[in-house]
Amino acid sequence: MSETRHWLWLAFVLGPGAPRCRQLLEVYGDPGEVQRAVGREDLSGLLTPGQLARLHTDPDDFSPLEEEMDRLGARILTLEQEDYPRRLRDIPDAPPVLFCTGDPAALNGEHTVGMIGSRRPSAYGVEAAATLGRELAEAGVCLVSGLADGLDSEAHKAAVAAAAPTVGVLGTSIDKTYPASNRRLRAEMEQTGAVVSEFFPGTVATKGNFLLRNRLIAALSDALCVVEAREKSGTMNTVGHAERYGRPVYAVPGGIFSQVCAGTNALLAQGRAGMVTGAGVLLGALGLSETGEKRRDRQPRTADISLDAARMLACLGQTLRPLETLAAETGQDTGGALAALLELELAGLAQSCAGGLYRRK
């Protein structure tokens, strides 16, 4: 029996959004062991009633799906494969399986920026997305977005024009392009980039599925740039996921009388996003110069930091963590922990974020 079929079976059992995937794999290790536990062990403490009802599906039933993906020229990427996006591996709701068209190497590009915004942008928003997208793509940054109308499309078009990789994350199944008017753009993206979906072919498109895919846009991005957004929108949902995963958020300031800029202006006013006044801001956040080269002055030097700072660095990751937790884990008092974090910030090894939270840089 194919290992891939076991992963497809697990993805089917868990359903879109992959709730409880991490917990299940931490207990059983791999999908084959989960499947062998069915009927022998009580899984009700790990799965929902709906998931429990799907447990008795036969993994062999997914053989036709493997054949269908071959006919479509689509890859099935499982959580254990090398081509699976490394930025998704550690998030709590990583999909067990991704369906991919194009070049999967784009999913593991060295530097990525998520560029998102309104589906009905202003002329200002279109110009900002096109300019920022072009400059980032020309500097070697892979742009991640949702292949939707509006600013998502502008980001992808900028990458295509620069012959640079770009990644589109679908809220539909991999055999569908939504909106259909973006089929040509998708084909152009697949020449150097990739399009991915966690949804099985035949999945009905719903608003909820588009909201689920937003978490993947956020997780695939080293930094998230919001060009234009209303205060209540799918774009702001993506921002929430970026904050949850500890990804830095940036926003393009907009007119104070424009409702389509109300969300971005609120992010800036609340201190939830850094201000983007040009591509250099985002490149700097990635440790790059405007030519796309590594900035030597931003290279971290761990040899020169104190023992307390080194102990603190070992506790930091990409997930945002509060000072109190870090102090407890390193055995330092609050003052000592703050001093160690400040030392790491000055060395370019750590970043302080809103709400007294810290992450590794």
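This is a predicted model: local features need pLDDT of at least 70, side-chain atom pairs count only at pLDDT 80 or more; totals for chains, interfaces and linings use all residues.

Visitor: OK. What order do the nine strands of the open sheet come in?

Guide: They go β1-β2-β6-β5-β4-β3-β7-β8-β9, and the pairing is mixed. Two strands count as paired if DSSP finds at least two bridges between them.

Visitor: And which ones are the edge strands?

Guide: β1 (75-78) and β9 (274-275), each of which pairs on one side only.

Visitor: Let's pick β4. How many bridges join it to β3?

Guide: Three, and β3 (residues 112-116) runs parallel to β4.

Visitor: What about β4 and β5?

Guide: Those two also pair in the parallel sense, over three bridges, with β5 covering residues 166-169. Here valine 144 stands opposite valine 167 in β5.

Visitor: What sort of unit do β3, α6 and β4 make?

Guide: Together with helix α6 (residues 123-138), the strands β3 and β4 form a right-handed β-α-β unit. Right-handed means that, with the strands pointing away from the viewer, the path from the first strand over the helix to the second runs clockwise. β4 is also part of another right-handed β-α-β unit, with helix α7 (residues 151-161) and β5.

Visitor: Which way do the side chains of β4 point?

Guide: In strand β4 (residues 142-145), Cys142 and Val144 go one way, Leu143 and Ser145 go the other, and all are buried. Buried means under 20% relative accessible area, exposed over 50% and partly exposed in between (1.4 Å probe, protein chains only). In a regular strand the side chains alternate between the two faces of the sheet.

Visitor: New bit of the sheet: how do β7 and β8 run?

Guide: Parallel, with three bridges joining β7 (residues 223-226) to β8 (residues 249-251).

Visitor: Switching to helices. Which residues of α14 are buried?

Guide: In α14 (residues 323-330), the buried ones are Leu323, Leu326, Ala327 and Thr330. They sit on the same side of α14 because they cover an arc of only 100° around the axis; the arc is that of the directions from the helix axis to the C-beta atoms.

Visitor: Why would residues a few places apart point the same way?

Guide: An α-helix has 3.6 residues a turn, so residues three or four places apart do that.

Visitor: And on the other side of α14, what is exposed?

Guide: Glu324 and Ala328.

Visitor: Which non-glycine residue has a positive phi of about 70°?

Guide: Arginine 20. Look in the loop between α1 (3-14) and α2 (21-28). Arginine 20 is partly exposed, at a relative accessible area of 34%.

Visitor: Where's leucine 147, and is it buried or exposed?

Guide: Leucine 147 sits in the loop between β4 and α7. With a relative accessible area of 0%, leucine 147 is buried. Its phi is positive too, near 55°.

Visitor: Last one: where is leucine 316?

Guide: In the loop between α13 (307-315) and β10 (321-322). Leucine 316 counts as buried, at 7% relative accessibility.

Visitor: How far apart are leucine 316 and glutamate 3?

Guide: They are 313 residues apart in sequence, and 34 Å apart in space, C-alpha to C-alpha.

How values were computed: Residues are numbered from 1 along each chain as its sequence is written. Side-chain values use heavy atoms; hydrogens and water are left out. Helices (H or I, at least four residues) and strands (E, at least two) are DSSP runs, numbered from the N terminus.
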